[in-house]
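The following exercises concern the surroundings of two ligands. Each task is followed by a solution in steps.

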Amino acid sequence: MAANNNSDPILDEGGGGGVKHEAVGEAGEGKGGGGGAAATQAPAAMLPRSGSRPQLDLSGAAIHGNLEDRNPTILLPNQSDDISHLALDIGGSLIKLVYFSRHAEHSSEDKRKLSTKRRLGMLNGGRRSYPVLGGRLHFVKFETGKLNECLDFISSKQLHRGGVDSPSWRSGAQPDNIVIKATGGGAFKYADLFKERLGVSLEKEDEMDCLVAGANFLLKSIRHEAFTHMDGQKEYVQIDQNDLFPFLLVNVGSGVSIIKVDGHGKFQRVSGTNVGGGTYWGLGRLMTKCKSFDELLELSQRGDNSTIDMLVGDIYGGLDYSKIGLSASTIASSFGKTISDDKELSDYRPEDISLSLLRMISYNIGQISYLNALRYGLKRIFFGGFFIRGHAYTMDTISFAVNFWSKGEAKAMFLRHEGFLGALGAFMSYEKHGLDDLRIHHLVERFPMGAPYISWMEKFVQKGTQITAPVPVGFPVTTGMGGFERPTAKGDILRSDASAALNVGVLHLVPTLDVFPLLEDPKMYEPNTIDLDLNEYKYWFKILSDHLPDLVDKAVASEGGTDDAKRRGDAFAHAFSAHLARLMEEPAAYGKFGLANLLELREECLREFQFVDAYVSIKQRENEASLAVLPDLLMELDSMNEEARLLALIEGVLAANIFDWGSRACIDDFDMFKKRMLADKKGQPYKRALLFVDNSGADVVLGMIPLARELLRNGTEVVLVANSLPALNDVTANELPGIVAEAAKHCGILRKAAEAGGLIFDAMAGIQDDLKDEPVSVPLMVVENGCGSPCIDFRQVSSELAAAAKDADLLILEGMGRSLHTNLNARFKCDTLKLAMVKNQRLAEKLFNGNIYDCICKFEPVHLT
Ligand SMILES: Nc1ncnc2c1ncn2[C@@H]1O[C@H](COP(=O)(O)OP(=O)(O)OP(=O)(O)O)[C@@H](O)[C@H]1O
Ligand SMILES: CC(C)(CO)[C@@H](O)C(=O)NCCC(=O)O
Ligand SMILES: [Mn+2]
């Protein structure tokens, strides 16, 4: 039989080239794309702007304000975002903004979606079952001293008027009383200024209420929010929802608030200290003449505090005072050395001053926090506030102090959204903030480079290198050993402020995402098969970097190769390289990141630079070629007996002969699957099978569709599950009905099934408006999976997939991304068949002690598990 291809331009090391091009070549000679029309009927322009991850409309964009600003704000008059809420935390040092841009789910525009929902019984009386709109939560900060920049930003993006698309903006009318939630001292201090400049009233929310609400939200809803930081090692902590309270929250802003949190809205501010972030920055500025906080922090990295601090050894003639647990190098008195010296301030190195200050303040905060934890018997201390600034040494120092004083009993933890607790809390205080009903599976964090906000494209390209390059680092010198030692922060890198934004992504709120109901244990589920450690990162970094020029070429070509496309291609390359560099430097920078996340990041990055579907024409070509050979394949299959046919079908999906094509099956449960399909069939064929498809072309047309046809022949309902958004050459849910319709021209089984399900009707003509809203049992359906990535995370799938899964008793996962890189070890509540060819030597060795082109045919029936 014609070898099927399952080639993925990135996941395959072998490129899948040989196998794939043979198949396509043959086809080309044959029927010359005769039936390609329907298969190619979903050009890029017709792809729906996904409700969950829409694109920005850049037309008419213009920079507002000074082009040389670090983050010039850009007005996007035609962008259809509808900014519904803005909340502020105006502190003594910094203003924090959290704003939400909504994206309507245009399901009525997407016929396939609507009819699928109808069939799955997801519509009630014609009304959408998801009135909550998805959107994005953005996090931005400004210096309080530069309040005007903040006002300009709000004004240019029209955040205070509910966004550029709100009725008031369109009509040019000034609503008389816009109210914005605000917290922090500045909500009082600057209320008049906001009224005067923007015409808005600030509705004041209590600062402590907001801090607690923000922290609780983050700890409850964001998967990788909290982490420990000890000896330079960052480790994410999975917080058990049922075991969160009580904890101590220490917000280190200008000053420090220490709050005992017992539940939602249940807390008490138990202490505070005036020695905080303002103290470090204020004293540091006076003593070192630094111009910015980051400059001061960076200086500390090259400092040696023993020239300034009086150490135990200085007092004890170089000896430890071990009887009370103090080593010679322990700081006995911060800045103590400066009293005896006959020196001026200018005689001290600014680097040393900065480090002494940083250590003094961090230890002090750690100690006071510990004492309060002790006072209330608390084991967990979460530190927030922008003093932390994701700075490894600061976190290590605080952790060290907590650990030292509590003798390991209490744990210091940090939050990725450290400085935004108050602003998030203020946001939560809106009566309808859209976050009420959201659960962890509704939130997807993305890391846009800020296009088009950071700068216009060229400027971005130009600046891209600065974003990539870390500020030069130096490691603080350690003195002595034992006792209350200075922590050694490894990888002590301070990134420039522009790139620091990369630590906190944009939170996408996608209310239509669900946990896949057939996951055996969603709590224990981990999509990624292999942890991305530094070695793995290096490997993938190289693969992805090597592939980048080719990807850019394809992306630019997919947009017609125009000058604009070239500029965007350049910008994309810079942006994605910057992401890679950032992650190489700190693999945990974006939270706990697996290969699935890394691959999705690349797709999202393409989308950020407006590349809708880089592989569109390649996919079309391969579909046409494969459709041309399909009739021959089907004829060949039909001439076989049942047993031989099933084997041929599985081999077809695996793109090679498992048994004699020089490759072996490293996992081969074919016989078990055959037994279930053939011998047990008489008793009970599968009721409904979900087939997770992978690539366009031969893979789907000559592999999965024939397999689907066999299941249909046995009386099994088939649901083809495809990507919501393009990723590499993967077939999308939007393209699939056209391809099936075309395949059905050559096959009675497919045609009958597709017609009965209305699938062909959808593909050709649009939806039937008179369809009833009750769920109808249909033999063949296409649903989207909710992803735009070559991998799949079953904690976050589309609601239509979740609905379709309810009656399924067989899952077939196909391809490396979905069944190897992710989900190889995933357990489901129904029989599962995982099919993939291992097109990556390293992976084959690592997972199976096997070789490239080995295959897996892993059948996991539930009754055996
Ligand atoms: N770019 C920056 N500019 C100024 N300070 C910074 C910067 N980055 C980090 N910091 C540190 O963060 C501190 C401010 O943190 P944060 O924004 O949490 O507090 P705040 O809300 O301004 O203060 P408070 O809550 O006490 O009113 C500063 O005092 C400084 O130590
Ligand atoms: C005054 C606030 C609450 C303003 O955010 C903060 O700066 C703070 O907690 N300062 C410490 C005050 C004290 O408890 O000593
Ligand atoms: Mn504050």
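**Exercise 1.** Determine which element gives the largest share of the shell around ligand 2.

*Solution.* In this predicted model, E12 provides the largest share of that shell, three residues. The shell as a whole includes Glu207, Met208, Arg269 and Thr273. By class, its residues are two nonpolar, five polar and two charged.

**Exercise 2.** Identify polar contacts of ligand 2, then state how much of ligand 2 the protein buries.

*Solution.* A contact requires N or O atoms within 3.5 Å. A polar side-chain atom of Ser257 lies 2.7 Å from a ligand oxygen. On the backbone, a polar atom of Val256 is 3.3 Å from an oxygen of ligand 2, and an N or O atom of Gly255 is 3.4 Å from one. Ligand 2 taken alone exposes 390 Å², of which the protein buries 58%.

**Exercise 3.** Describe the contacts, cover and shell of ligand 1.

*Solution.* Begin with the contacts: the side chain of Ser254 places an N or O atom 2.6 Å from an oxygen of ligand 1. Polar backbone atoms follow, that of Phe386 at 2.9 Å from a ligand oxygen and that of Phe387 at 3.2 Å. Two or more shell residues come from strand E4 (94-103) and from helix H9 (277-288), with H9 giving the largest share, three residues. Finally, the shell comprises five nonpolar, nine polar and three charged residues; among the 17 residues, Gly92, Ser93, Lys96, Ser254 and Gly277 come nearest.

How values were computed:
Residues numbered from 1 in each chain as written. Chains lettered and ligands numbered in written order. Predicted model: local features only at pLDDT ≥ 70, side-chain atom pairs only at ≥ 80, totals over all residues. Heavy atoms only, no water. Near = heavy atom within 4 Å. Polar contact = N/O pair within 3.5 Å; in protein donor to acceptor, adjacent residues only side chain to side chain. Areas by Shrake-Rupley, 256 points an atom, 1.4 Å probe, with all protein chains shown as cover. Helix = DSSP H or I, 4+ residues; strand = E, 2+ residues; numbered from the N terminus. Nonpolar A, V, L, I, M, F, W, Y, C, P; charged D, E, K, R; others polar.
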